[in-house]
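Let's take a walk through this model together, one region at a time. Have the viewer open and follow along.

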Amino acid sequence: MGSRKKVHAFVRVRPTDDFAHEMIKYRDDNKTIDIHLKKDSRRGVVNNQQTDWSFKLDRVLHDASQDLVYETVAKDVVSQALNGFNGTIMCYGQTGAGKTYTMTGATENYKHRGILPRALQQVFKMIEERPTHAITVRVSYLEIYNESLFDLLSTLPYVGPSVTPMTIVENPQGVFIKGLSVHLTSQEEDAFSLLFEGETNRIIASHTMNKNSSRSHCIFTIYVEARSRTLSDEKYVTSKINLVDLAGSERLGKSRSEGRVLKEATYINKSLSFLEQAIIALGDQKRDHIPFRQCKLTHALKDSLGGNCNMVLVTNIYGEAAQLEETLSSLRFASRMKLVTTEPTVNEKYDAERMVKNLEKELALLKQELAIHDSLANRTLVNYDPMDEIQIAEINSQVRRYLEGTLEEIDIINLRQIQEVFNQFRVVLSQQEQEVESTLRRKYTLIDKNDYAAISAVQKAGLVDADGHLVGEPDGQGFGLGVAPFSTKPGKKSKSKKMFKEQLRPSTPPAKPVAFEDFKNERGSEINRIFKENKSILNERRKRASETTQRINAIKREIDMTKEALNLQKSLREKQGEYENKGLMIIDEEEFLLILKLKDLKKQYRTEYQDLRDLRAEIQYCQHLVDQCRHRLLTEFDIWYNESFFVPEDLQMAVKPGGSIRPGMMPLSKIVSLGEDDQDRFSQLQQTTLPEGPDSVSFYNAKVKMEQKHNYLKTMMGLQQAHRK
Ligand code: ADP
Ligand code: MG
C-alpha cells in the first residue's frame with residue numbers, strides 16, 4: 001500500500017494462419033515485440049524515414065489460451081480488490097482484433113469464457129475462502145455510445161437516452177453514474193445471469209437502434225464491500241473492478257466513412273484520443289491537472305484510471321501484414337500506457353452505525369468502571385446519566401430551599417449535578433426578578449424613565465423631581481414610587497431593588513418556607529406522609545448498602561491476608577522440600593485450615609456482593625419514588641400557595657388607571673402611619689419646594705422623615721402610657 005506501481009500493459013495477438021513473420025518478431029524475453037516495415041510496403045502510407053520499431057511491454061500473449069490470459073492479466077487485480085484496492089482492466093485495439101473475445105469470451109462455450117466471467121468466479125471463490133468476512137458483491141453494466149450512457153442491466157424494456165438520462169456524478173467517495181442500476185448478487189449464478197442479460201441487451205440494442213456494437217465502450221463493474229464478521233470494527237473496505245471493452249481504435253479515413261458512420265467514428269476517435277490524453281497526463285508526474293471531463297469515457301473512469309488503483313491494459317492486435325498500420329498505432333498506445341504510474345491504496349470507510357455502537361459499548365464500560373470506583377470509595381450509588389425532568393425539578397427545589405435558607409448546603413454529587421445547580425440558580429434568579437416586577441406592577445404604576453412625556457406630566461403634578469425621586473423623599477427611599485432610575489443598566493439595579501424590598505414586605509404573602517410548613521400540615525399532609533415514608537425506606541436501604549460495602553471491603557482485606565498467609569505457608573513448605581509424595585500434595589494442618597478459610601471467605605464475599613447488588617436495585621427504585629413524591633409535593637404546594645395568597649382582584653382594580661390608587665401616591669401602609677397634620681404639611685411642602693429647585697428636595701425629605709419619626713415615637717409613648725394606666 002502506498003508504493004508507486006506501473007500500469008501493466010500486455011499484448012494479445014489474434015491467432016491467424018497468415019502471420020506476418022518477416023514483419024512481427026518476438027524476442028525471447030516474451031516481452032518485446034519488434035516491427036519491421038519494408039520500404040516498398042504495399043500500401044505506402046507509412047513511407048517516412050522510420051522502418052523499425054521495438055516495443056517492450058509486460059508480456060506478449062501469442063497463441064495464449066483464455067486461461068493463461070486470465071492468470072497473467074486479471075488474477076492479481078481481482079484478488080487485490082477483495083483487500084480494498086480498486087482495479088481496472090481495459091481492452092484496446094482495432095475492431096475484430098479480439099477485445100470482446102478477451103473480455104467476455106465466447107458466451108456459448110465455457111472453456112472459451114473471458115476475463116469477465118472468470119473474475120466473477122474468482123470473487124465468489126475468495127468470498128467462500130473468507131468466512132471471517134461479510135462480503136457483498138454488486139454489479140453494473142454501462143455502455144457509452146456516441147457520448148450517451150446506456151444501462152445494459154436496466155430492468156425496463158430498452159429505451160433511449162432521453163427517457164433514462166444518466167449523469168456522471170462526482171463526490172468525495174469517487175465517481176458514480178446516477179441512474180445506472182447496480183445489482184446485488186449473492187452467488188456466482190446470479191452474476192452470470194446479469195452478465196448474459198447485459199450481453200443480450202447489447203446485441204438487441206445494436207439492432208433496434210441500428211448501432212454498431214464495435215463502436216461503443218462497455219464498462220462492467222464489480223463492486224465489493226468487505227466487513228469483518230469477527231471484529232466489531234467500524235472500518236470496512238470497498239473496491240470496484242472495472243472491466244472495460246473499448247470501442248475499435250481504427251482511425252478515420254481507412255474505410256470511407258460517411259454520415260452516421262462518420263459521426264460515430266468521430267465520437268470514438270475523440271473519446272479514445274481523450275483517453276490517450278488523460279493517460280499521457282497521468283504518465284507525466286509534473287502534471288497536476290488531468291483532463292478527465294473531456295468525454296464520458298474518461299469522466300466515468302476518473303477514479304479508475306491511474307490514481308489509487310491497480311491498472312492493466314490488454315492491447316489486442318492482428319498478426320497480419322495488412323493491419324500493420326493499426327497494429328503500430330495500438331502498440332504505441334500500449335507503451336505510453338506503460339509509463340503511467342499509480343499508487344494503489346485501500347479504500348477504507350467507516351460505518352457510522354457501528355462506530356456509535358462501539359462508543360456506546362465503551363461508555364457502558366466506563367460507567368461500570370465508575371460504579372466500581374464509587375463502590376470501593378464507599379460512595380452511595382451515583383447516577384451519571386443525563387438528568388430527567390424530575391431530577392432537574394429536585395435540583396430547582398434544592399436551590400430554592402438553599403436561597404430561602406431552609407437547606408444548609410447542597411451536596412456535591414458529580415459534575416453534571418454541579419452544572420445543573422448553577423443552571424437552576426440562573427432559572428430561579430430570573431423567575432424572582434419577574435416575580436418582583438410583576439408584584440410591583442400590581443401594586444404601583446411604573447413609569448418608564450425614558451418616557452419624558454409621562455415624567456413631565458408627573459413632574460407637573462409635583463410628584464417627582466427631575467431625578468425621578470419623589471418630592472420630599474431622601475435618596476428615593478422610603479416611598480413607593482416605582483420609577484426606574486435614568487441609567488437603567490444591568491447591575492445598577494440595586495438601589496431600586498432595595499426600595500422594592502422594604503416596600504413590599506408588609507403586604508406580601510407569608511414567606512414560602514413558612515407557608516410550606518402550613519401546607520404540609522394541611523392539604524399536602526398525605527403526600528408528605530408518603531414522601532417521608534419513602535425517604536425513610538431509602539435511607540434505611542442506603543445505610544444497609546453502606547454497611548454491606550464495608551463488610552465486603554473487610555472480607556476482601558481478609559481474603560488478601562489469607563492469601564498472603566497461604567503463600568507464605570506454601571513457600572515454607574517448598575523450602576523444606578516437601579513438594580509431593582506419590583503424586584499427592586502433603587500439606588500441614590495450618591495450611592489446610594487456611595485453604596478452608598479462604599474458601600469460606602470467598603463464599604461470604606459472593607453472598608454479600610449479591611446482597612449489595614439487590615440493595616442497589618432497590619435504592620434506585622426508592623430514589624425514583626422519592627423524587628416523584630418530592631416533585632408532586634412541590635407542584636401541589638405551588639398551586640396551593642398561588643391559590644391562597646394571590647393578590648385579590650379588587651386590589652388589582654385599585655391600581656389600574658382611574659382606580660383609587662393613583663401614580664405617585666404613597667402606599668396605604670405609609671399613609672396610615674402619618675398623622676393628619678403631617679399629611680397637611682406634606683402637601684404644603686410639595687407646593688412650596690418645587691419652585692426652589694431640586695436641591696431643596698433632600699432637605700425637606702429629611703425634615704419630613706424626622707417629623708414622621710417624632711410623630712411615631714409620640715404615638716408609641718402615648719400608647720405605653722395608656723397601657724400603664
Ligand atoms: P473486437 O471485440 O476487438 O472487435 P472480437 O473479440 O469480436 O473483436 O473478435 C472478432 C472475432 O475473432 C470473433 O469471432 C472472435 O471469436 C475471434 N477471436 C478473437 N480473438 C480470438 C482468439 N484469441 N482466439 C480465438 N478467436 C478469437
Ligand atoms: Mg468487440
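Is Phe516 buried or exposed? Keep in mind as you look that this is a predicted model. Phe516 has a relative accessibility of 16%, and buried means under 20%, so Phe516 counts as buried. Now find Phe637, which is buried too, with a relative accessible area of 5%.

The model holds twelve aromatic pairs, and Phe516 with Phe637 makes an edge-to-face pair, because the ring centres lie 4.9 Å apart and the planes meet at 75°, where an angle over 60 degrees counts as edge-to-face. The pair joins distant parts of the chain: Phe516 sits in helix H14 (residues 512-521) and Phe637 in helix H16 (residues 589-645), 121 residues apart. If you look around the two rings, you will find a cluster in which ring pairs link Phe516, Phe519, Phe637, Trp640 and Tyr641.

Next, turn to the ligand. Around ligand 1 you will find Arg12, Arg14, Pro15, Gln94, Thr95, Gly96, Ala97, Gly98, Lys99, Thr100 and Tyr101. Sorted by class, this shell contains three nonpolar, five polar and three charged residues. Which helix gives the most to the shell around ligand 1? That is helix H3 (residues 99-103), with three residues.

Zoom in on the oxygen atoms of the ligand. A polar side-chain atom of Thr100 is 2.7 Å from an oxygen atom of ligand 1, and a backbone N or O atom of Lys99 is 2.8 Å from an oxygen atom of ligand 1. Ala97 also takes part through its backbone, with a polar atom 3.5 Å from a ligand 1 oxygen. As for cover, ligand 1 taken alone exposes 550 Å², and the protein buries 65% of that.

Our last stop is strand S13 (residues 217-228). How many of its twelve residues are buried? Nine of them are, so the strand is mostly covered. S13 pairs with two strands that you can pick out in the viewer. With strand S8 (residues 133-145), S13 pairs in the antiparallel sense over twelve bridges; there, Ala134 has Arg227 of S13 as its bridge partner.

Terms used:
Residues are numbered from 1 along each chain as its sequence is written. Chains are lettered from A and ligands numbered from 1 in the order in which they are written. This is a predicted model: local features need pLDDT of at least 70, side-chain atom pairs count only at pLDDT 80 or more; totals for chains, interfaces and linings use all residues. Side-chain values use heavy atoms; hydrogens and water are left out. A residue is near a molecule or strand if one of its heavy atoms lies within 4 Å of it. A polar contact is a pair of N or O atoms within 3.5 Å; within protein, one must be able to donate a hydrogen and the other to accept it, and residues adjacent in sequence count only if both atoms are side-chain atoms. Accessible areas come from the Shrake-Rupley method with a 1.4 Å probe; for residues, only the protein chains shown count as cover. Helices (H or I, at least four residues) and strands (E, at least two) are DSSP runs, numbered from the N terminus. Ala, Val, Leu, Ile, Met, Phe, Trp, Tyr, Cys and Pro count as nonpolar, Asp, Glu, Lys and Arg as charged, and the others, Gly among them, as polar. Buried means under 20% relative accessible area, exposed over 50%, partly exposed in between (1.4 Å probe, protein chains only). Two strands pair if DSSP finds at least two bridges between them. Rings of Phe, Tyr and Trp (its six-membered ring) pair if their centres lie within 6.5 Å; planes under 30 degrees apart count as stacked, over 60 as edge-to-face and the rest as tilted.
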